[in-house]
Amino acid sequence: MSKQKKRLEKEKKRERARRVEKQRRIDADVCAELMFRSELAWDDRDLEGCRRLLDKVLKIRPNHAEALERLAAAGFKLNRLEEGLAYFERLREAPRWPPVTYNAAVAAWNTGRIEQSKRWVAEFLEATRRSKQFVELRKSARVMLKDAERRIKAEAARA
């Protein structure tokens, strides 16, 4: 390969890298704007509008943690339990706002997924162990955990 060809290949590579980086920055800006607008919609209690904006974020960045967490919360609030659970299950890490985990546990309980409910209630209790912020939710979560354990034992005894 001649020197000129090598130089052209390097230049093409650099130009491609510049275009990719420019598009990444544009996507980040678009996602930030959509997230901001979704926050405003959430604050206005326009959950449908919030969902539409967050869906746009996921089209750009399919694993955007904050958008997934907010979509799960919106699904639970709108009583679309399966939809909320689907978004919650896509999260790779525990949500930053622990009540989302609690709501996922409640949704799992209501849809008959007792094992998942038990696991998520335990995660919620662990995440809020030192917090004095969620006293009522923690009480409810402890009751749900005991009920889940009883129900799992009863089903095992029947089998």
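In which helix does S117 lie? S117 lies in helix 6, which covers residues 114-127; helices (H or I, at least four residues) and strands (E, at least two) are DSSP runs, numbered from the N terminus. The model is predicted, so that local features need pLDDT of at least 70 and side-chain atom pairs count only at pLDDT 80 or more, while totals for chains, interfaces and linings use all residues. Residues are numbered from 1 along each chain as its sequence is written, and side-chain values use heavy atoms, with hydrogens and water left out.

S117 has a relative accessible area of 0% and is therefore buried (under 20% relative accessible area; exposed is over 50% and partly exposed in between, with a 1.4 Å probe and protein chains only). Apart from residues up to four places away in sequence, S117 is in contact (heavy atoms within 4.5 Å) with A105, A108, W109 and M144.

Helix 2 comprises 14 residues, 47-60. At 1.5 Å a residue these should span 20 Å, and the end C-alpha atoms are 20 Å apart, which agrees; the expected span is 1.5 Å times one less than the number of residues. The buried residues of helix 2 are L47, G49, C50, R51, L53, L54, V57 and L58. Their cover includes helix 1 (3-43), helix 3 (65-77) and helix 4 (81-90).

Two packed helices are described by the angle between their axes and the distance between the axes. The axes of helix 2 and helix 3 come within 10 Å and cross at roughly 150°. Axes here are lines fitted to C-alpha atoms, for helices over the stretch in contact, and angles run from 0 to 180 degrees between N-to-C directions. Helix 2 and helix 3 are therefore roughly antiparallel (over 145 degrees; under 35 counts as roughly parallel, 65 to 115 as roughly perpendicular and the rest as oblique). Their crossing is left-handed, a term for a near helix turned anticlockwise from the far one by less than a right angle, with clockwise being right-handed. On the helix 2 side the contact is made by L47, C50, R51, L54, D55, V57 and L58, and on the helix 3 side by A67, L68, R70, L71, A74 and K77.

R70 lies in helix 3. Leaving aside neighbours within four places in sequence, R70 touches E39, W42, C50 and L54.

Helix 4 and helix 5 (residues 99-110) have axes that come within 10 Å and cross at roughly 130°. The two are therefore oblique to each other, and the crossing is left-handed. L81, L85 and F88 of helix 4 meet V100, T101, A104, A107, A108 and N110 of helix 5.

The count of disulfides (pairs of cysteine sulfur atoms within 2.5 Å) comes to 0. C31 is in no disulfide, the nearest cysteine sulfur being that of C50, 14 Å away. C31 is buried, with a relative accessible area of 2%. C50 is likewise in no disulfide and, at 0% relative accessibility, counts as buried.

Most residues other than glycine have a negative phi. R45, in the loop between helix 1 and helix 2, has a positive phi near 65° and is exposed, at 72% relative accessible area. N79, in the loop between helix 3 and helix 4, has a positive phi near 60° and counts as exposed at 59%.
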